Amino acid sequence: MLANDVKRILISEEELQERVAELGAQISEFYHPDSRPLLVCVLKGAYMFLSDLTKHITIPHEVDFMATSTYDGGLDAQGAVRLMLDLKANIADRHVLLVEDIVDRGATIDYLLRMLKQRQPKSLHVCSLLDKPERRVHQIEITFLGFTIPDEFVIGYGLDIDEMYRNIPFIGIPKQELIDRLISE
């Protein structure tokens, strides 16, 4: 069972669902009902968050996806950000909300914001489930934030370790044995 590899639950499934509903309500109030914002999900980590978030947004909106890569497994993102999947939608003169799982160092979101600004959206904001400000290298303004967390590696609710554990319905801190095992592989 995947949950057996979790040392402790940082954010429960109930806390997640409550906060996601609150974020959906805030987003619905923030945008004009006729603005039809485009929610851009940063894959793979934000897919669960986006799926639940859209259920609580009460105004018309669209969804598109982007994917980046900064590392090839392991625990820490390293090197330059690479775009692996670009938007299908034209965002010129559109309201765009970038939906991210976690803002850690800020390199990925900084890269995406700079790229998307060049495409001249009407507005560009960030919604992140998690923020880990202790590790921040790039200053990022998060308009809609779920939770601020300590500088610990987390898994679950879309966040992975070596492409696994995304399906845990809560945010947890993995046991050190799991981290050590995956690092040695």
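Q: Strands are DSSP runs of E with at least two residues, numbered from the N terminus. In which strand does Ser 123 lie?
A: The model is predicted, and in it Ser 123 touches Tyr 31, Arg 94, His 95 and Val 96, leaving aside residues up to four places away in sequence. The C-alpha atoms of Ser 123 and Leu 97 are separated by 8.2 Å, although these residues are 26 residues apart along the chain. The element in which Ser 123 lies is strand 6.

Q: Is Ser 123 buried or exposed?
A: A residue counts as buried when its relative accessible area is under 20%. Because the relative accessible area of Ser 123 is 15%, this residue is buried.

Q: Which residues in helix 2 are buried?
A: The buried residues of helix 2 pack against helix 1, strand 2, strand 3, strand 5 and strand 6. One of them, Phe 49, touches Val 20, Leu 23, Val 99, Glu 100, Cys 127, Ser 128, Leu 129 and Tyr 157, when residues up to four places away in sequence are not counted. The buried residues in helix 2 are Met 48, Phe 49, Leu 50, Asp 52 and Leu 53.

Q: How many of the residues of helix 3 are buried?
A: Among the buried residues of helix 3 are Ala 107, Ile 109, Leu 112 and Leu 116. Such buried residues pack against strand 2, strand 3 (62-69), strand 4 (82-85), strand 5 and strand 6. Helix 3 is therefore mostly covered under the cut-off of 20% relative accessible area, and the number of its 11 residues that are buried is 8.

Q: Which element gives the largest share of the lining of the second largest pocket?
A: About 160 Å³ of space lies in this pocket, and its lining divides into 4 nonpolar, 3 polar and 4 charged residues. Asp 110, Leu 113, Arg 114 and Lys 117 are among the residues that line the second largest pocket. Two elements, helix 3 (107-117) and strand 6, each supply at least two lining residues. The largest share, 4 residues, comes from helix 3.

Q: In which loop does Tyr 165 lie?
A: Tyr 165 is a residue other than glycine with a positive phi, near 80 degrees. At 3% relative accessibility, Tyr 165 counts as buried. The loop that holds Tyr 165 is the one between strand 7 and strand 8.

Terms used: Residues are numbered from 1 along each chain as its sequence is written. This is a predicted model: local features need pLDDT of at least 70, side-chain atom pairs count only at pLDDT 80 or more; totals for chains, interfaces and linings use all residues. Side-chain values use heavy atoms; hydrogens and water are left out. Contact means heavy atoms within 4.5 Å. On a 1 Å grid over the protein atoms alone, a cavity is a set of points where a 1.4 Å probe fits but cannot get out, and a pocket is an open set with protein on both sides within 12 Å along at least five of seven lines; lining residues have an atom within 4 Å of a point. Grid points are joined across faces, edges and corners, and a volume is the space filled by probe spheres set on the points. Ala, Val, Leu, Ile, Met, Phe, Trp, Tyr, Cys and Pro count as nonpolar, Asp, Glu, Lys and Arg as charged, and the others, Gly among them, as polar. Buried means under 20% relative accessible area, exposed over 50%, partly exposed in between (1.4 Å probe, protein chains only).
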